[in-house]
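This report goes through one protein chain, from single residues to the whole. Please keep the sequence and the structure at hand while reading.

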Amino acid sequence: MPGPLRYADAVRLLGGSGPALDALDRVVGGVLTTAAGPAPELVLSLVGADAQLARLSRSLVSSTAERIQGLGRFERTERLAAAHAVIVVAAYGDAMAQARLPFDVRELATTRTDSVRVATGDSPESRRLAAVADHLLRSHLPLPSPDEPYESTLTALRGFYASMSGRMEAYVCGLAFWDRLTPAARQDVSVSLHDHVPDAALSFYEEMFRQLAVDFPDVGIWADRVDHRATRDAVRRLDESITRLMQGDLPTGLTALRRAGALQLDAPVLGTDDTAEGMAIPSLREAYVSADFRVAAFRTADRLTSEAWWQQHEVRGGLDTFLEGFLTAPKAVEVPILLLGLPGSGKSLLTKVLAARLPAEDFLAVRVPLRDVPAETGVQDQIEVAIRQATGERTMDWADVVRAASPALPVVLLDGFDELLQATGLHQSDYLERVANFQQREAALGRPLAIVVTSRTIVADRARLTSGGIAIRLEPFSATQTGQWLELWNCKNAAYFSRRGLRPLTREQALAQPDLASQPLLLLMLALYDAQDNAYQGEAGMLAGFELYERLLTRLARREVIKHEARLTDEYLAQAIEYELLRLSVAAFAMFNRGRQWVTEDELETDLGALLPQQTSPATGLRAALSGAQRTIGRFFFIHRSEAFRDDVRLRSYEFLHATFGEFLIARLVTHELQDLMSAERAEASKARRSRTDDSYLHALLSFAACAGRGPVVTFLVEALRPLPPHDRAELRRLLLRLFHESLDERPVSSYGSYQPSLRSAPAAPALYRANVLLLLLVVAEEVSGRELFPTEQDPVGAWRDTMLLLESQLYVEEWRALASRLSLERTWHGDGRDIRVRLDDDVQPDLWEGLLVHPTEDPRTVNPYWSYGYAPGSEGRRYIGWLYTSPDTVAQDAHLRCDIGTDALLHMAQSLEELGLGLALTSYVVLPDGEAVSAARLLFQLWNTAGDFSAVHRDAVRAALHSFAPDATDFTKRYLTAVLRQWELAGHPVPQDWVDRVHSLIETQAATEAYAPLLDELPHPPT
């Protein structure tokens, strides 16, 4: 029969031995080491017989530091977790030892199994040391983790200690000495266990944990409590590891794999073909700047693409250090880590840094570029393909690699999950589940590993998430990080700048374009642009928005053209640059019109074939085409190319590193096409026989998505079109008005009819074209009237209403809301008829959390019933003292059939009046003495809102009762009058019953409205 579990045995799990262990036994007088008789188990033995026990415990843990360093990474992590469990329980024992209790704590002696139940609430499988230790380790005691604040661990521990006190109290109540305790003594035990011991245990824990974090920096990193010295030591170990790797001081068999990871950091961040002669390009090692990040555990239903979800989690710094620490935590081998970020944010670079810098003696890093491995194969096959590609050895399978690397912990870096999704489609949406299953299988087979999966944030919602996983999102560069990167760039190119008389780009200058300065690759592009002739520095103070992007992309396109066709004349060079930008613009529309930020190569080829038919000879004009679309698009480094293999076929997709590039190119192509149409209009104006200007190309571009849905597109359009000369703007205004008038007409067969980037309903194409032309018209004209929009309609307001209903029915909800929030409408009069003036609302800003467009200030948009019903100033309708529109049942039926959320919300509120029998007030109106028309329902709501104060509304509501309802609605008129007069009474001005009887008599006889005037005059007037 095994002896009692000793604290010394628990420490031996960490490799402890020697004088400290012997001293521990001496302190407790040999009780813990004797095999005879009952003795305290792990929890209770940690109570100790002397205060010296806590010091010896820490000394014993410290003495194991050197021993445990020689263990494998995973075994070391498990043993450190066990050590942490020991100090958690030891802290409670120390608290019990110092607690004021009416009995001797040595009387708590019991069997191992019973004592463990006190600590964990359950019993181990046996009394053997290994079983008890395993039980304690897997009892889910609170454990620090890098993805959770250290304060969260303390909170969890406080709760654990409270529950432990509850079990301790139950255990004590069953012991023999409990019966001899007085009621007061028993109360003292309960108070001490619940009010004092948990807090004391937490204090002891923090003291022990600080010592453990010093002895074992891995544990400190779990809770971000390791000091700077330890961090520097960790970095030093990384560098020493790389040095030993390059010198071959590593186990054989994996040298090539590890060396391949290290050598990647020495490659330049950009090929030399993309730079000017003499320019120095930093290596990946030099250019790497540790990004800020957010980290959180996620559940299956969480939306990792939601900004609101991420805003709940704090921004942290030092991601590479965080990840190294996390890889030493037990959770690292239980769930995959999902690393998210924008294109160009440094996800792939981070995997290269980890593959090269993780200490070789602790970790086996295997980087798997998912674009280069078969997409349809299993996770293990993908890893093995990546190993073979890196080493050239075809005989190494995964199990062999793990055995050869032992005791290092494998860390698999699956880089580019988004590329699988984009290039192969939704059948890879279960990939994260497959990764998690692979990780669980490997752990069950005794080959635990950590897995990091990278992806762009925008596609994260297309994957099925595994509950309990860890997500990390890279944040944009801060101003400090931008400055750090530029300092390196300027230092690297100091000689180049000096030779060419150029000024280094400063942080403040770069931050003038935050979209470009906040992402590493875009910042590199900006630096390259400025490094040619300080073009950006010369323009940054003068240019903004559209013009800056125009010059930037034109310069980059020029460089690409010259690189491949250096001998072009100026004329053909300018034309070739336009070809490049045109193709990029078609790519931007390919993404935009599909409602995505990316497009597959096949889709792009189809669109290019439809919009830019290939020609066998050079052609002039904006729409001329070049062959090899994928090469033209892919060679721009500000475009991210995703690749994956499926069935031995390489699949590609494209995406701009920042959405703003695509949005600029959309606005640019639309602007150029409008200018072409203006030129065509001018040419037709000089002809004797004029023909209709062909807008089929513009129609093809603008019939699949609403430009208003992309705020930056509208901004770029404003910046491009409003600076046009007044004459050109007036001409363009006339052109756009004509296109609006014809937008719903049947169109002739177009040469661009094969352009079908997305499937939408038949009415959607004309509706979207009308919406986009309206937006362009407002960009150019700033204001347009209803009679200009609908010159042939007698009622332009009715035609406007029909157009808005059409757009609302055919645009996606997000598109409609974005367009509606962009339109500012004023209801006006034109002679004796209604009219409107529509403007583009520039005072609209994006909601950063949900991407919706919102007005920064409230706009009540007060309804004028005179305008709604067409009663113009001076008209017959203005002489009415009241009127009834229609039955509220008709309004309710119309609203019910529409099934519109907004209308339903208003109907839901109005139904409360219907339930009170006052529904007719919704469509009945009265004219007040000051000439204002108001509905009887509105007056009733105002009356209820007076809070008992007597006001003019009281008389106005009576006027509505007497003048706004149909003469035959006698019962309703009485009900409405009763509701009004009740408010008179509440305001302290009850109306005499004689007055009420006389009014009722007139109502029943359907008297003329003039008969009520004397009775209305009898009512008191409120004080002014």
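In which loop is Gln 1006 found? Gln 1006 sits in the loop between α46 (993-1004) and α47 (1013-1018). The model is a predicted one, and the values below are computed from it.

**Backbone features**

The phi angle of Gln 1006 is near 50°, a positive value in a residue other than glycine. Glu 782 also has a positive phi, of about 70°, and Glu 782 is not a glycine either. The place of Glu 782 is the loop between α36 and β10 (783-785). A cis peptide bond is found between Ser 406 and Pro 407, with omega at about 15°. Pro 407 belongs to the loop between α19 (398-405) and β4 (409-415).

| Residue | Relative accessibility | Class |
|---|---|---|
| Ser 165 | 0% | buried |
| Glu 782 | 38% | partly exposed |
| Gln 1006 | 44% | partly exposed |
| Leu 916 | 53% | exposed |

Why does Leu 916 count as exposed? Its relative accessibility is 53%, and exposed means over 50%. Glu 782 counts as partly exposed because its relative accessibility is 38%, and this class covers values between the 20% and 50% limits.

**Ser 165 and its surroundings**

Ser 165 is part of helix α9, which covers residues 150-173. Ser 165 counts as buried because its relative accessibility is 0%. What does Ser 165 touch, leaving out residues up to four places away in sequence? The residues in contact with Ser 165 are Tyr 92, Leu 193, His 194, Val 197 and Pro 198. For Leu 193 there is a further detail: its backbone oxygen lies 2.7 Å from a polar atom of the Ser 165 side chain.

**Nonpolar cores**

The largest nonpolar core has 124 residues. Which of them touch the most other members? They are Trp 485 and Trp 489. The element that gives the most to this core is helix α36 (residues 764-781), with 14 residues.

Leu 906, Met 909, Leu 916, Phe 941 and Trp 944 make a nonpolar surface patch of about 500 Å². Two elements, α42 (901-915) and α43 (936-944), each give two or more residues to the patch. Leu 916, another member of the patch, lies in the loop between α42 and β16 (924-927).

**The whole chain**

How many helices and strands are there in the chain? There are 47 helices and 17 strands. The chain has 1024 residues, and 53% of them are buried. Its accessible surface comes to about 45300 Å², and carbon and sulfur atoms account for 51% of that area. Among contacts with a separation of 6 or more, 73% are between residues 24 or more positions apart.

Technical notes. Residues are numbered from 1 along each chain as its sequence is written. This is a predicted model: local features need pLDDT of at least 70, side-chain atom pairs count only at pLDDT 80 or more; totals for chains, interfaces and linings use all residues. Side-chain values use heavy atoms; hydrogens and water are left out. Helices (H or I, at least four residues) and strands (E, at least two) are DSSP runs, numbered from the N terminus. Buried means under 20% relative accessible area, exposed over 50%, partly exposed in between (1.4 Å probe, protein chains only). A polar contact is a pair of N or O atoms within 3.5 Å; within protein, one must be able to donate a hydrogen and the other to accept it, and residues adjacent in sequence count only if both atoms are side-chain atoms. Contact means heavy atoms within 4.5 Å. Patches are made of residues with over 30% relative accessible area and no salt bridge: like charges are joined within 9 Å, nonpolar side chains (Val, Leu, Ile, Met, Phe, Trp, Tyr) within 5 Å. Accessible areas come from the Shrake-Rupley method with a 1.4 Å probe; for residues, only the protein chains shown count as cover. A salt bridge is a side-chain nitrogen of Lys or Arg within 4 Å of a carboxyl oxygen of Asp or Glu. A nonpolar core is a set of buried Ala, Val, Leu, Ile, Met, Phe, Trp, Tyr and Cys residues joined through side-chain atoms within 4.5 Å.
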